[in-house]
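Open the structure in your viewer and keep the selection tool at hand. The stops below follow one another, and each one says what to pick out and what is to be found there.

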Amino acid sequence: MKLVGFCLEQSMLPSKVDSGGTYRLLEYSSKGDKACVIQELEKGVDLNVADYDRRTALHLAACEGWTEVVVLLLDRGADVNSLDRWGRTPLSDARSCGHDEICKILEAKGGIDPVGDDSQAPCFEIDHMEVNMDEATLIGEGAYGEVYLVKWRGTEVAAKTIRSSIASNPRVKNTFLKELALWQRLRHPNIVQFLGVLKHSDRLIFLTEYLRNGSLYDILKKKGRLDPTTTLAYALDIARGMNYLHQHRPHAIIHRDLTPRNVLQDEAGRLKVTDFGLSKIAQEKDSYGYKMTGGTGSYRYMAPEVYRRESYGKSIDVFSFALIVHEMFQGAPSNRVENAEQIADRRAYEDSRPPLSSFIYPEEMKTLLKACWHKNPDCRPTFEEIIVQLEVILDSFTSEKATKSRCRCIVL
Ligand SMILES: Nc1ncnc2c1ncn2[C@@H]1O[C@H](COP(=O)(O)OP(=O)(O)OP(=O)(O)O)[C@@H](O)[C@H]1O
C-alpha cells in the first residue's frame, strides 16, 4: 500500500505506538474472542500482562461476562487476584457487572473481592468527608459545571461538580445518576474511569480518574497540527474506546457528544474518552428550556441527522470521530471563524464537508474519512472496521518510514 503526503521529522514521532500483541490479547479478551486469545497466547504473549491501568486479560473477560475466556485464562494460569489501579480484582468486576457464573468460577479458584459489596450498589457512593473540597484546585469548566483536582484516599482524582440549576431538577438528576451507574460498570484502557458519586454532599459531585495532560482540545491548541504517526495512534485510541462503548451489551452506548474536549490524555500519552451519554442531560435540559451545548463546540462535530433532529444510531459518533481526526491532521477545526451552528447547518442541508488536501492526507486516510462522514449513516464504517483500517495505515506508514530511513543510511 502506498502512502502519500507524509513528511515529518523523526523527533516528532511518539515514543511508542501500541499496536502489538500485548494490546491484542487484552482486546480479544475484552471482546470474548476465544480463538484469537488462544492464538495470542500461543505466540508467547504474557498471560498476566496488564495495561496502563494494570488491567489484565482476566479483568476484561470477567467484566464483559466471557465465561469461556475466563475459564481458558484461569486454566492457563492467569493470576486470579491481580489488582488493577483501582484495587479491583477480576471477581470485583464480575460482581459489579452481575456475572454470577463467572463469580463462582473465580471464587472456586480462590478469587477474592477486596472492594466488597459496595461495587453492587446502583452507583458507588463515597462519603463526602473523604474529599476535602475546600482544598480543591479548579482545573476547568464545562457546560455542566466545574472540574476540580482533589485528593481521595491518597490519589489525585478529578471531581466534577454539577451546577445546581441542573442538579436541582429531580428528573435531570435521576437521568444523570442512571448514566453514572452505567459508566461505573465500564472498564477499558481508552475510557476514563468513573470512581463514584459523593454522598451527602450539598452539591452533585462525582469522581473520575485524573488525566494530567488535559484534553485533546488543549493539546491541539498548544501544539497545532500533529504529525501523522501521532494522529494515527491517537485516532486508534479514540476508536478503541468508542468501539468498546458501541459493542456494550445488551445496549450499545452512544456517546452523542464526541469532541476534542471529551477526549483526555493520561501521563503515558494514551487518549481516553469521557462524558459519554451525558449529553442526554442536555436533551433533558432542552425540554426545560435550556439550549443544546452548541455554544461549547458540539455543533462543530454534530452529525447531519442529529442537527436535523431525525432518528439516529451509533454512526453519529463515527461522523464526529472523522471531524476530530481531520482536526488532528489540520491542527485546528476547519472553518474556525465561522459560527459552529452555521457549519452544522451547511453540513446537514448542503452536504458540506471539510477539504482534504493531498499534501496532508494519505489516500487511504482520505477514503476512510470520506466514508466516516458519509451523508448516509448506513454507509459509515463501524469502529471495529475503522480500527482494522487504521492499523493497516499505521503499519504501512511505519514500515515505509523505516525503509526510507534505511535508504538514507546507505547513501550516507
Ligand atoms: N478527568 C479529568 N482529568 C483532568 N482534567 C479534566 C478531567 N475532566 C475534565 N477535565 C478538564 O476540565 C475541563 C472541563 O471539563 P468538562 O467535562 O466539564 O467540560 P468540557 O468537556 O470541556 O465541555 P462540555 O461539558 O461543555 O462538553 C476539560 O476541558 C478538561 O480540560
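This is a predicted model: local features need pLDDT of at least 70, side-chain atom pairs count only at pLDDT 80 or more; totals for chains, interfaces and linings use all residues.

Next, select strand β5, residues 194-199, and look at what lies on either side. With β1, strand β5 pairs in the parallel sense over three bridges, and on that side you can find E125 standing opposite V197 of β5. With β6, residues 204-209, strand β5 runs antiparallel, and here too three bridges make the join. To trace this second pairing, pick G196, which stands opposite L207 in β6, and then F194, whose bridge partner in β6 is T208. Colouring β5 by accessibility would show a strand that is mostly covered, since five of its six residues are buried.

Which side chain of opposite charge is nearest to D237? It is R270, which is 4.5 Å away, and D237, although buried, has no salt bridge; the cut-off for a salt bridge is within 4 Å. Show the surroundings of D237 as well, leaving aside its neighbours within four places in sequence, and you will find contacts with N190, G269, R270 and L271.

The following stop concerns the cysteines, for which the count of disulfides comes to zero. Select C372, which is in no disulfide, and go from there to the nearest cysteine sulfur, that of C379, which is 12 Å away. C372 is buried, with a relative accessible area of 0%, and C63 is also a buried residue, with a relative accessible area of 4%.

Finally, zoom out to the whole protein chain, whose secondary structure comes to 16 helices and eight strands. Of its 412 residues, buried ones make up 54%. Among the contacts between residues at least 6 apart in sequence, 67% join residues at least 24 apart.

Key:
Residues are numbered from 1 along each chain as its sequence is written. Side-chain values use heavy atoms; hydrogens and water are left out. Two strands pair if DSSP finds at least two bridges between them. Helices (H or I, at least four residues) and strands (E, at least two) are DSSP runs, numbered from the N terminus. Buried means under 20% relative accessible area, exposed over 50%, partly exposed in between (1.4 Å probe, protein chains only). Lys and Arg count as positive and Asp and Glu as negative; His and the chain ends are not counted. Contact means heavy atoms within 4.5 Å. A disulfide is a pair of cysteine sulfur atoms within 2.5 Å.
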